[in-house]
Amino acid sequence: MLSSPHLSPEQLSPRTVLVVGGGVAGMQAALSLAALGTPVLLAERNAHLGGQVMRLDKVYPTDHCAFCPTWSMAKACYDAPNVRVLLHADVTGLSTDGERAFAAIEVRPPAIDPSACLFCGKCESVCGKKALLRRDPRMTWDPALPPSVRVDETRCDGCGACVRACPAQAIDLRREPISLTLPVADVVYATGFEEPAPGDPGYAEEFGAHTHPDVFTAMEFEAWHGESRAQDVLRTRSDGRPVRRVAFVQCAGARDARHLSYCAAVCCMHAMKQARWLKRRQPELEVTLFYTDLRAPGAQQETYMRAGQREGVRLVRSRPGLIKESPLGGVGVRYEDPATGKGVGERFDAVVVNGGLAQCRLPGASDETGSPRPFARCGFCDEPVDVAGAAIQGVAAAAKLALKHHRPEGGAA
Ligand SMILES: Cc1cc2nc3c(=O)[nH]c(=O)nc-3n(C[C@H](O)[C@H](O)[C@H](O)COP(=O)(O)OP(=O)(O)OC[C@H]3O[C@@H](n4cnc5c(N)ncnc54)[C@H](O)[C@@H]3O)c2cc1C
């Protein structure tokens, strides 16, 4: 059930387990704990459950819709009587006294109260700044429940015209954040990952992410050409020209001692997924995938990769060293030709950089701190993992806590 932002400790059972993060891993952990009879508080900082998967169009290795099964999981969490879902809730710290854990949570109630919004559109009609949005612009479908208009704080100038126009008194632009400290019996930590934002050091400068409109991050490209937002032909973001040549550059910001030293595990597959969508829709497009080594563990992923090659995705085993606007137009990619060992350059109309997916960690929450009550972790924040793996880990985290708190009679202490 949806929880009020003014949740008090008295409203929680002493057995309540906090799940931090409402992506696939966190939702699955919450549902599994609930099925085992454990009350759950599921805290998610966004306006909706589902995590990053809600931004995906379709998912490898099946190419099934990402939204439908994820939304069904979210709905199951909202409907479960022993799961309290706290949205707009950022868990900012976790501590323990040896017996219980304490969660510091900052709830930022939205300026438009979703339970009061009538979706009538009067606020939108009076806003000169176009600051009222019907859905999260990063997503094809709006997963918020109930649906409501939202305020884009980067555009709003606080003039108050929408407040006066709202017939339901649903808008308060000065809503203050609420700070909660809640005692919980245990914690499952499922905070997932983030792509580096502009200005973050997550991508090396030479990869050009956020510097040229036709250099996309993977998530941006998923939204730009996802099949459910289908454009008739793929066009550049800079000036709307039809695209002829696209490059995917792997390990940009990953497996790189200056940034993420490890492999982000999902990028080879989601790059091939996007490359195959392109070839299926526009077989005449030239699609090149620059890779370090293709990571596609298991038979299903291997089959998926080979299908992409058969469909005409060109694979080049090389790690480009520079991605930059070309003086001749488009985006230039410089790399070492694996056949000759010589540096070469090619021009593309669009380049997708993949790799810098940083795991979200909360200070003080890791087992490595030597905390007397180590918290369970699952999903991408624990180890880079795909959707299926995140769900499996959610079940495992719930099982781990169930074993910890409900020892069988006569079982080991
Ligand atoms: C471009 C791209 C395409 C992909 N395509 C596929 C695909 O086709 N198939 C596939 O299997 N996988 C794919 N993946 C991987 C997939 O996105 C991940 O496997 C999945 O998102 C992991 O789920 P998660 O729950 O661990 O993390 P997330 O989805 O990141 O969810 C974590 C949640 O925790 C919340 N959170 C974080 N910190 C806090 C906090 N302090 N307090 C409260 N809430 C917090 C976040 O807001 C988020 O909602 C793709 C990834 C990318 C980048």
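**Exercise 1.** Work out how many residues of domain 1 and of domain 2 are in contact, and which stretches of the chain make up the two domains.

*Solution.* Start with the contacts: 13 residues of domain 1 touch 20 residues of domain 2. Keep in mind that this is a predicted model. Next, find the pieces. The domain assignment puts 9-109, 177-192 and 360-405 in domain 1, while domain 2 is 205-357. Finally, the C-alpha centres of the two domains sit 32 Å apart.

**Exercise 2.** Describe the interface between domain 1 and domain 2: find its buried area and its salt bridge.

*Solution.* First, the area: about 1400 Å² is buried between the domains, and carbon and sulfur atoms give 59% of that. Then look for charged pairs. The count is 1 salt bridge. For a salt bridge, the nitrogen must lie within 4 Å of the carboxyl oxygen; Arg-280 and Asp-63 pass, with their closest N and O atoms 3.0 Å apart.

**Exercise 3.** Find which residues are closest to the ligand, then look for polar backbone atoms by its oxygen atoms.

*Solution.* Of the 37 residues that surround the ligand, the closest are Glu-44, Tyr-60, Lys-273, Phe-380 and Val-385. Now for the backbone. Polar backbone atoms of Gln-52 and Val-387 are each 2.9 Å from a ligand oxygen, and one of Val-24 is 3.1 Å from a ligand oxygen. To finish, check the cover: on its own the ligand has 1000 Å² of accessible area, and the protein covers 97% of that.

Definitions and conventions: Residues are numbered from 1 along each chain as its sequence is written. This is a predicted model: local features need pLDDT of at least 70, side-chain atom pairs count only at pLDDT 80 or more; totals for chains, interfaces and linings use all residues. Side-chain values use heavy atoms; hydrogens and water are left out. Domain bounds come from an automatic or database domain assignment. Contact means heavy atoms within 4.5 Å. Buried area is the accessible area (1.4 Å probe) that two parts lose on being put together, summed over both. A salt bridge is a side-chain nitrogen of Lys or Arg within 4 Å of a carboxyl oxygen of Asp or Glu. A residue is near a molecule or strand if one of its heavy atoms lies within 4 Å of it. A polar contact is a pair of N or O atoms within 3.5 Å; within protein, one must be able to donate a hydrogen and the other to accept it, and residues adjacent in sequence count only if both atoms are side-chain atoms. Accessible areas come from the Shrake-Rupley method with a 1.4 Å probe; for residues, only the protein chains shown count as cover.
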